[in-house]
2 protein chains.
Amino acid sequence: MEDWSFPPRYDESYRPAPDEPYWFPERETMDPDERDAQILERLKEVCAYAHDRSPFYRAKWGDFDPRTDLKSFADFEQLPVIHKEELRADQAANPPFGSYTCIDPQEVVRVHGTSGTTGRPTAFGIGAGDWRAIANAHARIMWGMGIRPADTVFIGSVFSLYMGSWATLSGTERLGAAAFPFGAGVAGQSQRAVNWMAQMRPAAFYGTPSYALRLAEIAQEEKLDPKDFGIRILFFSGEPGASIPSIRSKIEELYGGKVFDCGSMAEMSPWMNLGESSAQAGMLCWQDVVYTEVCDPETHRRLPFGAEGTPVYTHLERTSQPMIRLQSGDLTRWEKGPSPCGRTYPILPKGIYGRIDDMFTIRGENVYPAAIDEVLSALPDYGGEHRILISRQETMDKLAVRAEHRDGADVDAFAARAQEALRTTLGVSTAVVPVPPGTFERTELKARRVIDERALFHETVDA
Amino acid sequence: MEDWSFPPRYDESYRPAPDEPYWFPERETMDPDERDAQILERLKEVCAYAHDRSPFYRAKWGDFDPRTDLKSFADFEQLPVIHKEELRADQAANPPFGSYTCIDPQEVVRVHGTSGTTGRPTAFGIGAGDWRAIANAHARIMWGMGIRPADTVFIGSVFSLYMGSWATLSGTERLGAAAFPFGAGVAGQSQRAVNWMAQMRPAAFYGTPSYALRLAEIAQEEKLDPKDFGIRILFFSGEPGASIPSIRSKIEELYGGKVFDCGSMAEMSPWMNLGESSAQAGMLCWQDVVYTEVCDPETHRRLPFGAEGTPVYTHLERTSQPMIRLQSGDLTRWEKGPSPCGRTYPILPKGIYGRIDDMFTIRGENVYPAAIDEVLSALPDYGGEHRILISRQETMDKLAVRAEHRDGADVDAFAARAQEALRTTLGVSTAVVPVPPGTFERTELKARRVIDERALFHETVDA
């Protein structure tokens, strides 16, 4: 296996020839059992490393000593998963970076963090070696999408705490492509973004799917056609949209480029550890970068291929704040590889299509907001944005969707059609209220569309 | 001279010991005449390089061939200056990067650009070698301010087109300090910024002076004291504020740290070529990075030390889009070194204190908006923001300033005092209209405070 060591040591001058489909042919196409055997050895090293250096892991694991007790994947799966709240609490008790940090804080070269919208934010403290490893992994995975050194990568996502932007930038740099780190989120920036893309014709675009759709709308307002931007590759994270067929095909149609989904969690950077390849056959689990187990959400034991569950992640190439069995709360289904591209990694054919905690249950049915987005986006008269309202009348849950129609649409026909399509897909009758195009705010960050009034109801009752 | 070559080749593993005041002792403290002799040789190389590769420079220089005609600084000063509009026009005619670009566009690794608020934006196409040179220069100048590898640098400026943020980041990386590239400009980000600073206690802050003042206000709203952030060094560019004594001392008082001014133009990156050192004796012209001539604004000939003029800049370490005699339109006064820190560079004791084009003339007096800012900021009852209104009644120019007073101030006394102070300093009688604190929008970018109604008047008359 090429450059396979812990801590990772990468040859920074290495780059495949442009016509080579793989960055590391051996690591990417090897027999998966053989890879697993190597990964098990690496897990022993990583766990011993963390056990030696981190009071957090020693406390969490109790008597378990990886040097003697970790002999198989079955042993590994007995390790408790980490919940994000544990990281937050540990960091508050052990500032600035938490007792799960395995390097001296003086060795940190990059600080990022969570948005902290739900409490104290968590800081990521990243050492120089880890930053290089992140850049190398992202370059490799972006190479797998088809990005090459002659390309310009337009990064249309906010540069602040959000790791997606920064690690895409580092991957672009390592790959040797031209980075155009444009950002997002500042007033007036979207208008400038489409004009710059028209002027510079980048080969690749990175952002969120909803922002790409928004930019296409703005391009139209600016009398520009996104197809003229010359974008060949659009890669996305932060939202499930890129793996939702109707959204994907809409973006591909608007821009005339191919769409790729990628991404797991900021804590897991290199978060492109889930990343689609040129085959566009679903996100691959790049297991030699981050070891992913799709697990039963209750027991956190690994599920067989073909099953639906929640990803649990373990770093194999990070030394500063290594995550060992971080539970994501996401939902996915995984399949055994290989992918048509030849890579032998497990595949998430439908990407990440929900979360344990934003899934809602209505009249006994589990409903994913992403499914509603998918149904609406498939309708030709859909105006591009919607809001989901869950309420309760007496003891009866009600699901309503306020959906924008397109200009000039037959509004009643659109509502009836949306209502029927949602009922069919969700198994729940849904009231669709059509509203004019442009009613709802577009977001450059993750779209938040669900208003669950029952929560308020519960709080009132409980208080 | 350490690492002195063209194109520059830097040893990326080099770093001085933390107690060493200079990054490159020889380059920084050498006899200035000896340095000038070296710079003249470098100018010959840079000009020959540009002449060989750039139709723009060949057209601009006509018969002048640097290989035979450039023998002295006097020869160099005969070269015509570049105006920004020429770059814009050349780039429009020769997309994407203009015929002043001396590398193959395929070699570009970073794309940034101007904001384009006044027309087609200009793209910066930067090659890998130049990006390294920028990082090395900025690391060296930040070292001169006192930033060390153990420090965390909080970058509180927008990451988009604005070069200041990116090049500070690259300098921080090269210096080996921890970069916390937080950004600015997104809704709600200022509240998060002060909370993160309280949590992470960065040793250094980079941004604009007006944003630092704004963050101090927000800290107060969040019940935080900026002194508790533990910031030792605040360095600024983008506005003249950091060199205005009253603004500097206010920031130093609020944060309990030292303020440093730096910066020339984005086109000139490494734009910290003007940068203050630990001596805080004014910005130094780091002549071996970018050769600065303070020139007569009409003739563009270099002025003697002691004179006021406009800086004209020439790259000595850039190969992708080398600027040779780019005229800034800024105003400054320069003095011969050495600085008390021991560096033998020329000094701008009052920084950049105006622009040729934002200076306005009223009743025969030249007035700099920065001077008004300075006068108001020195008044204890000043509320922190103001707007300047220039109008004409009959044939008489009128200058009015709407100035915020502080909560609880004696409003009439404040207005009278401000009026008197402005009249004394500007030599023009000024109507001061006091307004309540918080009246004017705070900006995270450059503050734009002047409304010149006479321009409208002229347009109406001329049309």
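Colleague: Why does W23(B) count as buried?

Modeller: This is a predicted model, so the value is computed from it. W23(B) has 1% relative accessibility. Buried means under 20%, so W23(B) counts as buried.

Colleague: What makes the pair of Y14(B) and W23(B) edge-to-face?

Modeller: The ring centres of Y14(B) and W23(B) are 5.7 Å apart. The limit for a pair is 6.5 Å. The planes stand at 85°. Edge-to-face needs over 60 degrees, so the term applies to Y14(B) and W23(B).

Colleague: Why is Y14(B) called partly exposed?

Modeller: Its relative accessible area is 26%. Buried needs under 20% and exposed over 50%, so Y14(B) falls in between.

Colleague: Are W166(A) and F159(B) buried or exposed?

Modeller: W166(A) has 1% relative accessibility. F159(B) has a relative accessible area of 3%. Buried means under 20%, so W166(A) is buried, and so is F159(B).

Colleague: What sits over the ring of W166(A)?

Modeller: The charged end of R110(A), 5.0 Å from the ring centre. The distance limit is 6 Å. In chain B, the charged end of R325(B) sits over the ring of F76(B), at 5.7 Å from its centre.

Colleague: Why are the two copies related as by a two-fold rotation axis?

Modeller: Chain A is laid on chain B by a turn of 180° and a shift of 0.0 Å along the axis, with an RMSD of 0.1 Å. The copies are therefore related as by a two-fold rotation axis. The same surface serves both: 100% of the contact residues of chain A recur in chain B.

Colleague: Which residue of chain A comes closest to the rotation axis?

Modeller: V186(A), with its C-alpha at 2.5 Å.

Colleague: What makes helix α12 of chain B mostly covered?

Modeller: Eight of its nine residues (369-377) are buried. Among them are P369(B), I372(B), D373(B) and L376(B).

Conventions. Residues are numbered from 1 along each chain as its sequence is written. Chains are lettered from A and ligands numbered from 1 in the order in which they are written. This is a predicted model: local features need pLDDT of at least 70, side-chain atom pairs count only at pLDDT 80 or more; totals for chains, interfaces and linings use all residues. Side-chain values use heavy atoms; hydrogens and water are left out. Copies are superposed by least squares on the C-alpha atoms of residues with pLDDT of at least 70 in both. Contact means heavy atoms within 4.5 Å. Buried means under 20% relative accessible area, exposed over 50%, partly exposed in between (1.4 Å probe, protein chains only). Rings of Phe, Tyr and Trp (its six-membered ring) pair if their centres lie within 6.5 Å; planes under 30 degrees apart count as stacked, over 60 as edge-to-face and the rest as tilted. A charge sits over a ring if NZ of Lys or CZ of Arg is within 6 Å of the ring centre and within 35 degrees of the ring normal. Helices (H or I, at least four residues) and strands (E, at least two) are DSSP runs, numbered from the N terminus.
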